[in-house]
Amino acid sequence: MAVAPINKVRQVLDYAVQEIPAEKIMMGIPNYGYDWPLPYERGTTVARLIGNVEAVELAAENGATIQFDETAQSPYFFYERDGISHEVWFEDVRSMEVKLRTASDYGFRGVGYWNLMRPFRANWLLLREMMRET
(Lines give C-alpha, C1' and ligand atoms only; values in the text may rest on other atoms or scores of the structure.)
Protein backbone atom coordinates (compact mmCIF):
# COMPACT_ATOMS: atom_id res chain seq x y z
CA MET A 1 0.00 0.00 0.00
CA ALA A 2 0.98 3.64 -0.12
CA VAL A 3 3.67 4.97 2.21
CA ALA A 4 1.17 7.41 3.78
CA PRO A 5 -2.29 6.88 2.27
CA ILE A 6 -4.21 10.10 2.88
CA ASN A 7 -7.37 8.30 3.97
CA LYS A 8 -5.40 6.58 6.77
CA VAL A 9 -3.44 9.74 7.56
CA ARG A 10 -6.71 11.62 8.06
CA GLN A 11 -7.94 8.92 10.45
CA VAL A 12 -4.86 9.46 12.60
CA LEU A 13 -5.17 13.24 12.36
CA ASP A 14 -8.84 13.16 13.35
CA TYR A 15 -7.83 11.35 16.52
CA ALA A 16 -4.81 13.59 17.11
CA VAL A 17 -6.84 16.82 17.08
CA GLN A 18 -9.18 15.36 19.71
CA GLU A 19 -6.23 14.99 22.08
CA ILE A 20 -3.85 17.81 21.07
CA PRO A 21 -4.59 21.39 19.95
CA ALA A 22 -4.08 21.59 16.17
CA GLU A 23 -1.75 24.58 16.46
CA LYS A 24 0.70 22.37 18.41
CA ILE A 25 0.85 19.61 15.78
CA MET A 26 3.55 19.23 13.13
CA MET A 27 2.42 16.74 10.48
CA GLY A 28 5.06 14.38 9.12
CA ILE A 29 5.33 13.90 5.36
CA PRO A 30 7.35 11.07 3.81
CA ASN A 31 9.92 11.97 1.16
CA TYR A 32 10.56 8.46 -0.14
CA GLY A 33 8.98 5.34 -1.58
CA TYR A 34 9.18 1.58 -1.30
CA ASP A 35 10.00 -1.02 -3.95
CA TRP A 36 8.39 -4.27 -2.81
CA PRO A 37 9.31 -7.64 -4.33
CA LEU A 38 6.24 -9.83 -4.84
CA PRO A 39 4.68 -11.96 -3.60
CA TYR A 40 4.59 -10.24 -0.25
CA GLU A 41 5.04 -12.52 2.76
CA ARG A 42 4.39 -10.90 6.14
CA GLY A 43 7.50 -10.97 8.30
CA THR A 44 9.70 -12.12 5.41
CA THR A 45 9.44 -9.66 2.51
CA VAL A 46 11.68 -6.60 2.76
CA ALA A 47 11.15 -3.52 0.61
CA ARG A 48 13.92 -1.37 -0.80
CA LEU A 49 13.73 2.30 0.22
CA ILE A 50 13.90 4.59 -2.82
CA GLY A 51 13.64 8.30 -3.54
CA ASN A 52 10.71 9.82 -5.38
CA VAL A 53 12.81 10.78 -8.40
CA GLU A 54 14.41 7.33 -8.38
CA ALA A 55 10.91 5.78 -8.48
CA VAL A 56 10.02 7.66 -11.67
CA GLU A 57 13.35 6.70 -13.22
CA LEU A 58 12.74 3.06 -12.25
CA ALA A 59 9.31 3.13 -13.90
CA ALA A 60 10.81 4.59 -17.09
CA GLU A 61 13.68 2.07 -17.17
CA ASN A 62 11.22 -0.80 -16.91
CA GLY A 63 8.50 0.56 -19.20
CA ALA A 64 6.04 0.69 -16.30
CA THR A 65 2.96 2.87 -16.32
CA ILE A 66 2.63 5.02 -13.23
CA GLN A 67 -0.89 4.83 -11.87
CA PHE A 68 -2.60 6.90 -9.17
CA ASP A 69 -4.70 5.48 -6.36
CA GLU A 70 -7.52 7.97 -5.77
CA THR A 71 -8.35 6.71 -2.27
CA ALA A 72 -4.75 6.80 -1.03
CA GLN A 73 -3.92 9.82 -3.23
CA SER A 74 -0.60 8.16 -4.04
CA PRO A 75 1.22 7.00 -7.18
CA TYR A 76 2.32 3.43 -7.74
CA PHE A 77 3.42 1.05 -10.48
CA PHE A 78 4.37 -2.54 -11.15
CA TYR A 79 7.36 -3.92 -13.01
CA GLU A 80 9.26 -7.17 -13.42
CA ARG A 81 13.02 -7.66 -13.31
CA ASP A 82 15.02 -10.89 -13.27
CA GLY A 83 11.81 -12.90 -13.02
CA ILE A 84 10.67 -11.07 -9.89
CA SER A 85 7.55 -8.90 -9.87
CA HIS A 86 7.71 -5.60 -8.00
CA GLU A 87 5.17 -3.11 -6.65
CA VAL A 88 6.40 0.44 -6.04
CA TRP A 89 4.64 3.15 -4.02
CA PHE A 90 6.13 6.63 -3.71
CA GLU A 91 5.27 10.32 -3.41
CA ASP A 92 4.87 12.77 -6.28
CA VAL A 93 3.72 16.38 -6.56
CA ARG A 94 0.06 15.32 -6.51
CA SER A 95 0.40 13.32 -3.30
CA MET A 96 2.59 15.98 -1.69
CA GLU A 97 0.07 18.69 -2.51
CA VAL A 98 -2.73 16.69 -0.87
CA LYS A 99 -0.63 16.25 2.27
CA LEU A 100 0.35 19.92 2.44
CA ARG A 101 -3.26 21.04 1.93
CA THR A 102 -4.39 18.57 4.59
CA ALA A 103 -1.99 20.06 7.14
CA SER A 104 -3.31 23.50 6.24
CA ASP A 105 -6.96 22.38 6.43
CA TYR A 106 -6.42 21.07 9.96
CA GLY A 107 -4.70 24.30 10.99
CA PHE A 108 -1.50 22.57 12.06
CA ARG A 109 1.61 24.41 13.15
CA GLY A 110 3.39 23.08 10.08
CA VAL A 111 4.89 20.01 8.47
CA GLY A 112 8.15 18.14 8.69
CA TYR A 113 9.68 15.90 6.04
CA TRP A 114 11.16 12.54 6.81
CA ASN A 115 14.31 11.78 4.88
CA LEU A 116 15.62 14.93 3.25
CA MET A 117 18.62 12.95 1.99
CA ARG A 118 16.69 12.08 -1.18
CA PRO A 119 16.38 15.31 -3.19
CA PHE A 120 12.93 15.98 -4.65
CA ARG A 121 13.07 19.41 -6.27
CA ALA A 122 9.47 19.30 -7.49
CA ASN A 123 8.30 19.26 -3.88
CA TRP A 124 10.18 22.46 -3.06
CA LEU A 125 8.75 24.16 -6.16
CA LEU A 126 5.26 23.09 -5.06
CA LEU A 127 5.87 24.32 -1.53
CA ARG A 128 7.11 27.66 -2.81
CA GLU A 129 4.03 28.03 -5.03
CA MET A 130 1.68 27.15 -2.18
CA MET A 131 3.38 29.69 0.09
CA ARG A 132 2.72 32.37 -2.53
CA GLU A 133 -1.00 31.49 -2.40
CA THR A 134 -1.24 32.35 1.29
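Student: Why is Asp-92 called buried?

Tutor: Look at the value: Asp-92 has a relative accessible area of 12%. Buried means under 20% relative accessible area, exposed means over 50%, and partly exposed is in between (1.4 Å probe, protein chains only). Since 12% is under the 20% cut-off, Asp-92 counts as buried.

Student: What am I looking at, by the way?

Tutor: This is a predicted model, where local features need pLDDT of at least 70, side-chain atom pairs count only at pLDDT 80 or more, and totals for chains, interfaces and linings use all residues. Residues are numbered from 1 along each chain as its sequence is written, and side-chain values use heavy atoms, with hydrogens and water left out.

Student: Where is Asp-92, and what is it in contact with?

Tutor: Asp-92 sits in the loop between strand 6 and helix 3. Leaving aside its neighbours within four places in sequence, Asp-92 is in contact with Phe-68, Pro-75 and Phe-120. Contact here means heavy atoms within 4.5 Å.

Student: What makes something a helix or a strand here?

Tutor: Both are DSSP runs, numbered from the N terminus: helices are H or I with at least four residues, and strands are E with at least two. By that count the protein has 4 helices and 7 strands. From the N terminus on, they run α-β-β-β-α-β-β-β-α-β-α.

Student: What does the side chain of Asn-52 reach?

Tutor: The backbone nitrogen of Glu-91, at 3.1 Å.

Student: Which label does Trp-124 get, and how do you know?

Tutor: Trp-124 has 40% relative accessibility, so it counts as partly exposed. Trp-124 is found in helix 4 (residues 121-133).

Student: What about Asp-82, buried or exposed?

Tutor: Exposed, because its relative accessible area is 75%. Asp-82 is in the loop between strand 5 and strand 6.

Student: What makes the phi of Asp-82 worth a look?

Tutor: Asp-82 has a positive phi of about 55° although it is not a glycine. Most residues other than glycine have a negative phi, and most peptide bonds are trans. Gln-73 also has a positive phi of about 55° without being a glycine. But Gln-73 is at 18% relative accessibility, so it counts as buried.

Student: Which peptide bond is cis, and how do you know?

Tutor: The bond from Leu-38 to Pro-39, with omega near 5°. Pro-39 lies in the loop between strand 2 (33-38) and strand 3 (48-50).

Student: Why is helix 1 called roughly parallel to helix 3?

Tutor: The axes of helix 1 (residues 6-19) and helix 3 (residues 93-106) come within 12 Å and cross at roughly 20°. Angles under 35 degrees count as roughly parallel, over 145 as roughly antiparallel, 65 to 115 as roughly perpendicular and the rest as oblique. That puts roughly 20° under 35 degrees, so helix 1 is roughly parallel to helix 3. As for the axes, they are lines fitted to C-alpha atoms, for helices over the stretch in contact, and angles run from 0 to 180 degrees between N-to-C directions.

Student: Which residues make the contact?

Tutor: Ile-6, Arg-10, Leu-13, Asp-14 and Val-17 of helix 1, with Val-98, Lys-99, Thr-102 and Tyr-106 of helix 3.

Definitions and conventions:
Polar contact = N/O pair within 3.5 Å; in protein donor to acceptor, adjacent residues only side chain to side chain.
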